[in-house]
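Here is a short report on the fold shown below.

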Amino acid sequence: MFVIVQHRLTDPPSALARGERLKRGEGAPGETRVLQFYPSQDGQFVTCLWESNSVDDVQRYVDETLGDASVNVSYPVESSAAFAATPAGISSQARSVAA
């Protein structure tokens, strides 16, 4: 299934540094991986798209990794109503985010 995670960063530098583990999948539950990463321009919010067998697996992994640096809300995507296209100007490969 696809899972959205909305992050409200309470400590942006720490959250972005810790988030590098999420982007690399370090310690992720089996079959769980991040597909897309969308940080806000002001550095206060991030929205990510994940693929996993469980919303709870993603929520636990994100909460454990980011700790008190972020408040995270996860929910399953209603795939039958969803669509996606890569907009011009957005990289198709993960890049390191400088904190």
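## Helix pair and sheet

H1 and H2 cross in a right-handed sense. The model is predicted. The axes of the two helices come within 9 Å and cross at roughly 135°. Angles over 145 degrees would count as roughly antiparallel, and 65 to 115 as roughly perpendicular. H1 and H2 are therefore oblique to each other. On the H1 side, the contact is made by Ala 15, Arg 18, Gly 19, Arg 21 and Leu 22. On the H2 side, Tyr 61, Val 62, Thr 65 and Leu 66 meet them.

Next, the sheet. It is open and has 4 strands, in the order S2-S3-S1-S4, with antiparallel pairing. S2 and S4 (70-76) stand at the edges with a single partner strand each, so one side of each lacks a neighbour in the sheet. From one strand to the next, the twist averages 20°.

Both helices pack on this sheet. The table sets out how.

| Helix | Residues | Strands touched | Angle between directions |
|---|---|---|---|
| H1 | 12-24 | S1 (2-9), S2, S3 and S4 | about 150° with S2 |
| H2 | 55-66 | S1, S3 and S4 | about 170° with S4 |

## The S2-S3 hairpin

S2 (residues 33-39) and S3 (residues 45-51) run antiparallel and are joined by 6 bridges. They form a hairpin, with 5 residues between the strands. In the turn, Gly 43 has a positive phi of about 75°. Arg 33 stands opposite Glu 51 in S3. Val 34 has Trp 50 as its bridge partner in S3.

## The nonpolar core

In soluble globular proteins, nonpolar side chains tend to be buried together. Here the largest nonpolar core has 15 residues. Which of them touch the most other members? They are Val 3, Val 5, Leu 9, Leu 22, Trp 50, Val 58 and Val 62. S1, H1, S3 and H2 are the elements that give two or more residues to this core. H2 gives the most, with 5 residues.

Trp 50 is the bridge partner of Val 34. Leu 22 and Val 62 also take part where H1 meets H2.

How values were computed
Residues are numbered from 1 along each chain as its sequence is written. This is a predicted model: local features need pLDDT of at least 70, side-chain atom pairs count only at pLDDT 80 or more; totals for chains, interfaces and linings use all residues. Side-chain values use heavy atoms; hydrogens and water are left out. Two strands pair if DSSP finds at least two bridges between them. Axes are lines fitted to C-alpha atoms, for helices over the stretch in contact, and angles run from 0 to 180 degrees between N-to-C directions. Contact means heavy atoms within 4.5 Å. A nonpolar core is a set of buried Ala, Val, Leu, Ile, Met, Phe, Trp, Tyr and Cys residues joined through side-chain atoms within 4.5 Å. Buried means under 20% relative accessible area, exposed over 50%, partly exposed in between (1.4 Å probe, protein chains only). Angles under 35 degrees count as roughly parallel, over 145 as roughly antiparallel, 65 to 115 as roughly perpendicular and the rest as oblique. A crossing is left-handed if the near helix is turned anticlockwise from the far one by less than a right angle, and right-handed if clockwise.
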